[in-house]
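User: I would like to go through this structure with you step by step, and I will ask about its parts as we come to them.

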Amino acid sequence: MQKIGVFVCWCGSNIAGTVDVEAVAEAMKTVPGVVFSTHYQYMCSAAGQKLIADAIHEHHLDGIVVASCSPRMHENTFRKTAEAAGLNPYMVEIANIREQCSWIHKDKEEGTAKAIVLAKAAVAKLLHNKPLTAGTSAVTKRCLVIGGGIAGIQTALDVADAGYEVDIVEQRPTIGGRMAQLDKTFPTLDCSACILTPKMVEAAQNEKINIISYAKVEKVDGFVGNFRATIRKKARCVDETKCTGCSLYMNKCPSKKGKDEFNMEMNNRPAIYIPFAQAIPNVAVIDPEQCVKLKTGKCGLCQKVCTAGAIDYTQQDELMEREYGAIVVATGFKPIDPSPLNEYGYAENADVITSLELERLMNAAGPTKGTLLRPSDLKHPHEIVFIQCVGSRCDENTKRGKPYCSKICCMYTAKHAMLIRDKYPDTKVHVFYIDVRTPGKNFDEFYRRAVEQYGVDYIKGMVGKVAREGDKLMVRGSDLISNQQVEIAADLVVLATAIEPDPSARSIGTMLTASMDTNDFFTEAHAKLRPVESPTAGIFLSGVAQGPKDVPETVAQASAAAAKVIGLLAKDHLVTNPCVAGSDELLCNGCSQCEKVCPYGAITYVDKEVRGPGVREVRRVAQVNPAVCQGCGACTVTCPSGAMDLKGFTNQQIMAEVDAICL
Amino acid sequence: MENSVKFLTETVLRISGVDPRKCMKCGKCSGTCPNYDAMEYHPHQFVSMVEKGQIEKLMNSDSIYLCLGCMACVERCPRNVAPGKLVGAVAQLKLRQQDMNRKGGNDVAAFADEIVPQQLLMAAMRKYRK
């Protein structure tokens, strides 16, 4: 018979307020197997842990039950306490009498009765526990960063700085991401490219960083410390090693119908192009949709002018397999398409633009070379209306937009309004807003400057309709403060569109088995305490992929993710979870059901000679790779013959718990 | 018929199926209303006044007859509040109290000056014809 100790925690009044902890400790004394039972105010405190260690020594306990908070909180604490006192750490069971009992009950009698039942179930399970020993697995000391925007670049720089190799996989032909498209940054109004491009160059020059542009991650196998990724490097039709980035082809290419993605498709570009002057790598790319040579076989002009001989129309996609210890998701965002919100007339009127389009219109490298001209007739706009919260903060049932606040729009709209008033003082600027949200260092001061110093007209209310009348856009909205409906004849309307995760995020999340919320933002392991880690071990989150944020927040999170990556890669070995599945070869009928449900690819089938009482034959049986198994238990519930079992959570243990509760 | 604030508010909420607490006070409904200037109380005020229980004020205002029933506010509300349904519900509540000043088809015609859109007359005939 085992000797079990039970330790009931008060958790101050968290548990003791609704559960009679003394009664629980007393009741547990009569349970078979229990030789010691007590209660204490804070079992997780140093004094509480000492109480447990002393009891283990004094009563020669070979298993303990701690009735306390959720195992997510302190299971590790108590396992370490037990281990230090000479017990196997897996001979510790937690009865969750806080989250699953005291916090959800009001009646003390009921709460106490339930706490006793939960503690009895834990004892029943513990009676079937076997000591388990954690194994170790090696760590591949290389990091994969998916996405080469400011988030990915910062994470890569920090990880490389610690001496580890980093691969940045970027889907576009250049790194730089959304920040490269911005003209100025708030609240200091410094030029975005001027602060971003040095970082891009730094990443390119860092010998530990390998930039794989125009590529995407196609497949990821493995587990923390041992990922294997398949990366498809799309055919550029330009040899990266030869191209000098000379741009001689620009005027030669007869195809001029490609939409310039970097300038938000407001102008055309040739079929062969470099997205922008400071692109990294500074290597041209041929758009296969637009290239006359690739479509018809006739042309080849760019090849003729290329003095470096870099053009290769026969280039094929390249698949590469690389191993990584950690993966960082930095997939970023895109603005939503405001066309479905038809009251703003975005689809019908060229002069209704999004804020990101305005960034390009104001940028010296943009389609108007930095002069603010409206798209329809290239005239200078004299009256501009900004509309905030376009597609943000919508009720989920309306299907009109996103339920969240996009966070950055208030500040960039104030920035735009201020820059326009500064550069073109003859321009009237109105901003329709619901709330102006400026939590951030020097943010509210910035917004107030737009109002007080630059005379931007902020109108509390939303716009109901934008309609063209002649060469004006009639903007009708409400001014709630003066209780009036207002109509403004504007030359240009700028929509502060909501931002949403990049469309690639969903498939990457599925590939990595990293959880996402309903809006396709990646979920963090703990909203407060583990904000840069995915719940999936070895996956880290950087930038807007996790939720809307501005540049400084993105950089902060990117460095935080890097710190976590460095912490992982600095280890030579990882301790693996011993609670993994195992198959009983005598019971396995080789049906392959478990292999199909395993989300980690941990199960394979082998032909093996099986020996047992009255059995000696070669059978096809399941085998679990304990290094890959994450102990989710999907196989154990799928197995029709009961051959699969999960260590630490065996069918027998679970049935014992159920019996203790129900019988 | 009972006329307590509680009764009136609950009735309006029940008839309309609207939850005014969902409103984020953006004013888009009033920004989009084609008959805004004619109405004493504007669509966004219907929402906040119903929430505050000021139903009688709304019932005694001509605003309930001036709503065109175009449903632009319902269509465009980002929070799914549907102010137009509240206007309709208050009008219906008024209508149910037969002994009070219910407008008949002829009274509506008296509204017919040039500032009143045709659509209003059509909506009114639909709503209040015997």
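This is a predicted model: local features need pLDDT of at least 70, side-chain atom pairs count only at pLDDT 80 or more; totals for chains, interfaces and linings use all residues.

Analyst: A definition comes first: helices are DSSP runs of H or I with at least four residues, and helices and strands are numbered from the N terminus.

User: In which helix of chain A is Ala656(A) found?
Analyst: The helix in question covers residues 651–662 of chain A, and Ala656(A) is found within that run.

User: Is Ala656(A) buried or exposed?
Analyst: The cut-off to apply is that buried means under 20% relative accessible area, whereas exposed means over 50%. Ala656(A) has a relative accessible area of 11%, and therefore Ala656(A) counts as buried.

User: Which residues does Ala656(A) touch, not counting residues up to four places away in sequence?
Analyst: A contact here requires heavy atoms within 4.5 Å. Once residues up to four places away in sequence are set aside, the residues that Ala656(A) touches are Ala124(A) and His128(A).

User: How far apart in space are Ala656(A) and Val66(A), C-alpha to C-alpha?
Analyst: In sequence, 590 residues separate Ala656(A) from Val66(A). In space, taken from C-alpha to C-alpha, the distance between Ala656(A) and Val66(A) is 18 Å.

User: Which strands stand at the edges of the four-strand open sheet of chain A?
Analyst: The four strands pair in parallel, in the order S2-S1-S3-S4 of chain A, and the twist averages 15° from one strand to the next. An edge strand has a single partner strand, so one side of each is left without a neighbour in the sheet, and the strands in that position are S2 (34–40) and S4 (92–96) of chain A.

User: How many bridges pair S24(A) with S25(A)?
Analyst: These strands belong to an open antiparallel sheet of three strands in the order S24-S25-S26 of chain A, in which S24 (463–469) and S26 (484–490) are the edge strands. Val463(A) stands opposite Gly477(A) in S25(A). The antiparallel pairing of S24(A) with S25(A), residues 472–479, extends over six bridges.

User: How many helices does the secondary structure of chain B contain?
Analyst: Chain B has 130 residues, of which 51% count as buried. Among its contacts between residues at least 6 apart in sequence, 73% join residues at least 24 apart. Zero strands are found in chain B, and its helices come to nine.

User: Which helix gives the most to the lining of the largest cavity?
Analyst: The search of the whole structure finds eight cavities of 30 Å³ or more, and the largest has a volume of about 120 Å³. Of its 17 lining residues, those closest to the centre are Cys33(B), Pro43(B), Cys67(B), Cys70(B) and Cys73(B), and the lining divides into 13 nonpolar, four polar and no charged residues. Helices H2 (28–32), H6 (72–76) and H7 (83–96) of chain B each supply at least two residues of the lining. With three residues, the helix that gives the most is H7(B).

Definitions and conventions. Residues are numbered from 1 along each chain as its sequence is written. Chains are lettered from A and ligands numbered from 1 in the order in which they are written. Side-chain values use heavy atoms; hydrogens and water are left out. On a 1 Å grid over the protein atoms alone, a cavity is a set of points where a 1.4 Å probe fits but cannot get out, and a pocket is an open set with protein on both sides within 12 Å along at least five of seven lines; lining residues have an atom within 4 Å of a point. Grid points are joined across faces, edges and corners, and a volume is the space filled by probe spheres set on the points. Ala, Val, Leu, Ile, Met, Phe, Trp, Tyr, Cys and Pro count as nonpolar, Asp, Glu, Lys and Arg as charged, and the others, Gly among them, as polar. Two strands pair if DSSP finds at least two bridges between them. Buried means under 20% relative accessible area, exposed over 50%, partly exposed in between (1.4 Å probe, protein chains only). Axes are lines fitted to C-alpha atoms, for helices over the stretch in contact, and angles run from 0 to 180 degrees between N-to-C directions.
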